[in-house]
Each structure stands twice: as structure tokens, then as C-alpha cells.
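Me: I'd like a close look at a single part of this one. Could you walk me through it?

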Amino acid sequence: MQKMNINWVSSSKDAYWVEKNAVGEQKGIPDLILTEETLQPIEGFGGCFNELGYTALIHLSDKERAEVFYSLFHPEGDHKFSICRLPIGASDYALEWYSLNETDNDFAMEHFSIERDKKYLIPYIKEALKYNPDLKFFASPWSPPTWMKFPKAYNSGTLRWEKEILEAYALYFVKFVEAYLEEGITIHQIHVQNEVSADQKFPSCLWTGEQLKEFIADYLGPAFDAHGLDTEIWLGTINAKVEELFVRSDTHYYDFAHTVLSDPEAYKYIKGVGYQWAGKYALQQTVISYPELRYMQTENECGDGNNSWEYAKYVFHLYHHYFLNGVNSYIYWNMVLEPKGRSTWGWEQNSMVTVDPVTKEKVYNPEYYVMKHFSHFVGPGYSRIGIKGKWSGSAIAFENGEGEKVVVICNPFKNSRDLCLFTGSHTYVFNLDPESFNTIKISN
């Protein structure tokens, strides 16, 4: 029987991305087994393009900045990103509030403009496309234009539920897709609203499931059809209500996904569902109810700006949770920020890369390596496969249909542990470092 090629990389708090060697082929009883079960296909990994990320990157020299872009986007780089997010108007990591049309009552969208995006977001995106011309994009607004809302504010409220407003807002999405296409950027997916349950001090807008259903069925879907757009409509991004987690068990699934997807008129336009934050608790119900749709983790939870190893361990389990429950893709939030990652609206968040504006130096943070343990080895063309055994709660496995399998596993314990892995034809032993992330690639 042909011996397998084993490539093993490990990261721990004291040493990132260390190449290691398995103990060797064994005949012991395996405690993790790769099965023949093929599960969801993988569409890839990515991050979000935000204004504060671009202004951080500008601090670097041309050479250093090129290294970051290569590491994130090039098909032979560290992460090989294949699908990324961008905001429609201001996100909470914009330099200030703006929308793409703040002209009151411009129902025909005559004053729609992406001129501001040409200063920050579009150069950021176009630079990434130089490294990966096949990069795909999805986009969502954090808030509609203020004149479309009640109250008239960017950081609270709801969309005015009036026919001419709803028609104009659907046209706003159409204009966005068309304007970006004129810049050479194809928008592959539209997600109707970032965090439908978020009423925040930063750009936000509350939606109910009933509103999402009606808007998609009666306005957005027909508008895309009328303008000949093949951009996909996704039900996203659903964050659910954290404060209701222990009060109502039904709110996460029934109030949003099931309300919308059970309606035939809305359903016919929807290609997938995007979940983030507390929306993760509805993912399993949605996937088992609508397995024919595609699923995405749309925003990695953001941390506190300290970029600690402890938080990276938590983030690893987010990847595990989402893939275990059926997502096809996983999206990080801010790829690059200045130290502490402070937003315009005053909170601090983590990033994969930190750029110091004083020293002009870049730092690859722990979550850079969490992502790398997945995206460097797994991408489009792979599928998740089944596993069993006592290490299953800490592992996820993938294969590409050409004899290559990838296992991503953590050792959560404070001491080293042996992993006895059965690949389907051979058994190997790996001594996992304490509190480590590990990727094991098995090929013929």
C-alpha cells in the first residue's frame, strides 16, 4: 500500500507556523478517523474592505504593503482569499458617516454617487484584484440613506415602509451594482442589511423578518430582474438578539430565516444565508431546514483590540462551529488596522494585521495564523468530510477529490497530547503542543 505524504504545521502562543513531523505510521487504535462522508462544498475565505484598513495600509512602504496584499490575496500567498466583503456606504470602520445618496426625496436616484468610494475603498479593492483577479465580492449596507429612515438618522431607526421609499431603496442597490461594475468590480452577492437586529451608535438599521420577506419578494428581487442583474440576493447578515438568547429560543431562526425562506415569493430570489455573531445559534436549524441553499459566516467576531492569543483560541472555535454546522465560506472582519483598532465610533477591535503609524511596521497577529491554518490549505474545490472519534469535537476535515485531505485541529489542553489519526488507509501519531492549532495535510 502506497505511503502517504504528511505535511503538518503547528502554532502555539510562543511559536507560530512551525513545521513538524509525525511520529510515524502506527497500528494503534485511532482516536480520530476520516470517513468517506462528503459534506458541504467550500467556497473560500476572506475579509472586509473598510476605510480604516486602507488608511492603515498607507503607512507602510510600497514593499511592505505589497507583502501584505500578497499574503492575503495571491493564490500562492498565506491566505489565498477568494471571497471578500465591502460596505455599501459607511460601515462602523469608515472614517465618518456617509451614504451613496443623501439628497432628500431623490426617488429616481439621480444623485447616487460612489465618488467617495473612489478615494478609499475602490483603490483598496483594485489593489487586491491585482493579486487575485478572480476575487469575488459581496456587499451590504450598514444603514440606508438617512432620508429613507425613521427617525432621520444613520445610527438608529428603521426603513420608512412606504412604497416609493422601498422602490427607491431597491434602485439604490441596483445603482450600486452597476456603478461598481463600471469600475471593473463585479458584485457577486448583495446582503440586504448588516446585522438586522443591531440598533447601534454607529451606522445601523433594524429590520424584522416580515420586512425582509416583503422587501426581497416585492422590491429588490423584481428590481434586479428588471435591470438584468445576475448578482445574487442573500438573506444576510443575520446577527439575532443577544439579549434574548436565554429568554426566547425561537427568535434566532423563526423570526428571521424561517419567516423569509418559508415564503415562496421571497425564497425564489434567495441564493444563500449569511450569519454572524449571535446568528450562529440559528445556523444549524437553517441548514437542516434549507440544505439546498449556501451559507456564509459573514463577520468574524471582533475582539477588543488587544489581539491576544486567548481571543485567538476563541476564534478558532468559531471557525469550528460554523463549518461543523454547514457554512461554505468564512469571512474575517477588519483585515488590517492600526494598533488597538479603534473605530470612528469609539470601540476597539482585533485585526489580522496591525500597522503602526509611528514606526511604519506591520505585525501579524494571532488571528492571522488562525485564518492561515484554514485558508492556506483549503479553498474552492474542497468539501468538508466526515470525522469520528474522541478528537472530533476539536477538529474539522476537508478533501479536494484528488486524494488530498486536510485536518485542522486544536489541542485545548495545557499539556501535550497524542493524536492517533486514521486517514482511511494509514494511521499516524502526532504529538500536539499544549494549546495549539494544527493543520495536517495528507496526500498521495
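Which residue in β22 is the bridge partner of Gly24?

Reply: That's Val429. Before going on, a word on the ground rules: this is a predicted model, where local features need pLDDT of at least 70, side-chain atom pairs count only at pLDDT 80 or more, and totals for chains, interfaces and linings use all residues. Residues are numbered from 1 along each chain as its sequence is written, and side-chain values use heavy atoms, with hydrogens and water left out.

Now the strand itself. β22 covers residues 427-432; strands here are DSSP runs of E with at least two residues, numbered from the N terminus, while helices are runs of H or I with at least four. Gly24 belongs to the β3 side of things: strand β3 (residues 24-25) runs antiparallel to β22, and two bridges join them. That's enough to call them paired, since two strands pair if DSSP finds at least two bridges between them.

β22 also pairs with strand β21 (residues 417-422), again in the antiparallel sense, this time over six bridges. In that pairing, Phe430 of β22 has Leu419 standing opposite. β21 and β22 form a hairpin with four residues between the strands, and Gly424 takes a positive phi there, near 115°.

How covered is β22? Mostly: five of its six residues are buried, where buried means under 20% relative accessible area, exposed over 50%, and partly exposed in between (1.4 Å probe, protein chains only). As background, side chains in a regular strand alternate between the two faces of the sheet.
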